[in-house]
Amino acid sequence: MGVSSFISAKLAAVTTVTMLSLSAAPHMAHADECIAPSNPGGGWDFTCRTIGRILSELDLVDGNVQITNMPGGVGAVTYAMVDAERSDDEGLIVATSTVGVTQIAQGRYPSGIDTMRYLGMLGADVGVIAVAADSEYETLAELNEAMVADASSVVTAGSSGAGGWDHIRLLMVAREAGLEDLTALRWVQFDGGTDAVTQMMGGQLDVVSTDLGEIAGFVESGDIRILAALSTDPIPAFPEIPTAISQGIDVTGYNWRGLYTGGNVSDEAYNAWVEKLETLYNSDEWQTAAVEFGLVPIWIGGAEFEAYVREQEQVMAGISRDIGIIE
Amino acid sequence: MSIRLAGVAIFLVAALYAWTAQDYTASFGDVLGPSVFPVMVGIPAMALALSLVVFPGGSVSWPSGPRLLRQAMALAALIAYALLLEPLGFPLATAAVIAAVAMVLDGPAIKSVLIGIAGSLSLWVLFDQLLGLPIDFLGTLFGG
Amino acid sequence: MEILTSLGLGFSVAVQPLHLALLLFGCFAGTLIGAMPGLGPVNGVAILIPLTFAFGFDATASLILLSAVYFGCMYGGRISSILLNIPGDEPAVMTTLDGYPMAQKGQAANALAISGVASFVGATVAIVGLTLFAPLLARAAIYFGPADYFALYVMAFATIGGLAGVDPRKTLLSALIGLMIATIGLDPATGIPRYTGGSFDLYDGIDPIVALVGLFAISELMFLLEKTIKDRDTAIKLDTWIPDLKVVFGTGWATVRGSVVGFVAGVLPGAGASLGAVMSYSIEKQVSNKNGSFGKGDPKGVAAPEAGNNSASAGALIPMLSLGVPGSGTTAVMLAMLISLNVQPGPLLFERQPDLVWGLVASLYMANVMLLVLNLPLIGLFTRLMAVPTWALMPLVVAISFIGVYSISNSTFDLYIMIAFGVLGYVLRKLDITLVPLVLGLLLGADMENNLRRALSISGGDYGVLIASWISIALYIATAAFLALSVWLALRDKKRAADAS
């Protein structure tokens, strides 16, 4: 048994390896490349891997798209590298999201938003305000009332640090509700949305603000209750969840997923990328993959997206200033 | 003596560490803030390092001159590798570092070079081809 | 009965030819990747994720492949720990403590066999635990709050006091240095960079595996260079290539204890395999270090941490599957992959996708058996490595370490960090400061700090929160009892030694 299983393991290894080297071969040619500025796993990695896969499935690029992970500084290392070395590389796209823009707005990247050309967003995760199933807060109004009355009595948490996107969008809700001293609200950082939610189920926390995608399972199982979705329209998968807007709080908080390319890429190449991405967005493959990953497919591309990113940066910088994260 | 010196060095690093921590203030954030934990770690480290200065325990015998030279040569080879990996490309740089370290370890010259060449090529195949972790074959010097 | 039906379903999924082939390939590739210094289970799983996409495997097949790799890495990590004193990955650090001395005494084959059998038992205990109690344990784990985690880390650091080395001051100092290094990088709670000197490369902190490889592999090279060629190659003799069954099975109780301790550590999200290995070793040392043989090549010192780290790795699948909370870096990568395959781990996974869950559980049983069967015959092959002259083996080991690190981060910056840690490791070892507590500090430091800060944020700055729950009180009592026992044992040994003379 020992010997035969050893041999079949080797056989399995050899076959797989042969197939793998065939699939790995094209990167020797100068292929298009997508950099995920993070370790494998997580949102940016998903963006690159999924988009890279579908781009070649739809024959929008020659051969495969090479995926490179370049973690560091929540995307800052990649930002600096592209700016310094590859700002005119027309075959390079880089994954980014609301998180990247937050970092830029708070001055945590080596250079500003104008250094890159933003191509488009292909989907977004919707922010939600959640409480445990046995929570005293039944509606967003009740929570807002409690926060405004005594902000320090509510323990809130999410997957970002203080001043990160999960925190900021909760503060946007609180400010809209009339809370003036935003710094009085207690915020606890966890490594992920599910970490925060399970701690809330264990009775440690009152409120969690994070993306819906990661915690949807707990909504379906009835362990937690969503007080508000921070989207313009109800979320297709959970039509019964009320939006904040429908409860009189005019706040949206998407975590979009998109791509940028170097700042010195020609208009021609930029427009070609935007066109390819729009074709990809409209494909069944992307629509399915996005929904499976818990995203709502949304397309904003080209000049419109450039404007959107700049406006979002302004909003983030404004609220960061208000709560004292930046000068 | 070595222990005392190390104690002084660790004390200085820990003191600098705890001192620097005081600059880490967030006008906004959690209750404890980013500076308390480093201070909690730095101060006992200072105390322990100081105790090693006052009551050193154990003794150290450092290697003799020729051996130290060999260690320095090995480190130099490793640093050179980090410097030259991207310019020279993977197989060339790796073959050189393997051969250099082998010779520092008293390996016969020709065999060391052979092991370097064989080793670097098979590692390139293993990582780039089999494991799918792309490593450039040619360095930036050769337009790779 | 219900469980048996479910398991039956699971095995019917697992024995499909594709799944079997993936299982075998995963075990083999995992052992190989785990054995290479610089590449651990996180990298192994990350390397194979593109493969699962490339072949269009479904979620069940992907998860089976990745779990087999994960388990394989845990097996493989110990090989270089024992033979070269260089851990293949983080949890294998503890195995160097007694594994390498055993190899130096000529018992490499025994050490490899013990670690193989202990790994098997540890993983099996944890999988049985997973089969029987997964949803229940996951429900219990959510009551473990930040203050309780902090208490757990305090306990871990208290127990390493009795680890190794002559001077407890040095052991503690080593742990503190590790904690200091752990604070380098962006502070997660506030986003402020600490101790980075303005370098973006340091914003994500020091990658433990980079530090680990530098500390052990490069410092080992420095030590080898201290000796002349004559001292080096006669240093290790090999008594036998065939393990002695009496020695292997003499570690039975150590293995069982290690498995149980490791399992508990694994089920708690965030504790993980390294903590499992450390706690298993420390507890075993207290229980059975009768004549001071620990640290000098005691077989039990190999069995306990190996059972512990494998049991913890399998245990970590429980919070990942039933809560969606990863218990370790590896399970975090697996989680991300599952989500991208439209599998939402969480409270409903067991009900909604029973074929996936039970197929995975059954595959784990099989992977474990395969790994044992695959690994035992390889012992003879691995021990032959000892016969390769140092001048030929060491350069290759160093090269693999460098490439492993470079291929993951694509930056030479990490190579410099690794060399710096090599020099640090060499100097500390010369000063008789053991490196294991440093690695532990580096691995657990960030979580320790974050949980302390979370606990205090929740309480609004009231330190009473740290002893407000029964869980943390119990952990502090256990810590105190452990310390008291250590002191009592030390005094007793001293008295006996005095009586004898």
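Trainee: Which domains does the domain assignment of chain A give?

Mentor: In this predicted model, the assignment divides chain A into domain 1, made of 2-124 + 256-322, and domain 2, covering 125-247.

Trainee: How many residues of domain 1 of chain A are in contact with domain 2 of chain A?

Mentor: On the side of domain 1 of chain A there are 13 such residues, and they meet 10 residues of domain 2 of chain A.

Trainee: How is the size of an interface often given?

Mentor: It is often expressed as the accessible area that is lost when the parts come together. Between domain 1 and domain 2 of chain A, the buried area is about 960 Å², and carbon and sulfur atoms give 65% of it.

Trainee: How many salt bridges are counted between these two domains of chain A?

Mentor: The count is 2 salt bridges. A:Arg175 pairs with A:Asp322 in a salt bridge whose closest N and O atoms are 2.6 Å apart. Across the interface of domain 1 and domain 2 of chain A, 2 residue pairs are in polar contact, both at pLDDT 80 or more.

Trainee: Which helices of chain A each supply at least two residues of the side of domain 1 that touches domain 2?

Mentor: They are helix H4 (98-105) and helix H11 (302-322). H11(A) gives the most to that side, with 5 residues. By class, the side of domain 1 of chain A that touches domain 2 holds 5 nonpolar, 6 polar and 2 charged residues.

Trainee: What does the domain assignment give for chain B?

Mentor: For chain B, domain 1 spans 2-54 and domain 2 spans 65-142. The centres of these two domains of chain B, taken over C-alpha atoms, are separated by 38 Å.

Key:
Residues numbered from 1 in each chain as written. Chains lettered and ligands numbered in written order. Predicted model: local features only at pLDDT ≥ 70, side-chain atom pairs only at ≥ 80, totals over all residues. Heavy atoms only, no water. Domains from an automatic or database assignment. Contact = heavy atoms within 4.5 Å. Buried area = accessible area lost by both parts, 1.4 Å probe. Salt bridge = Lys/Arg side-chain N within 4 Å of Asp/Glu carboxyl O. Polar contact = N/O pair within 3.5 Å; in protein donor to acceptor, adjacent residues only side chain to side chain. Helix = DSSP H or I, 4+ residues; strand = E, 2+ residues; numbered from the N terminus. Nonpolar A, V, L, I, M, F, W, Y, C, P; charged D, E, K, R; others polar.
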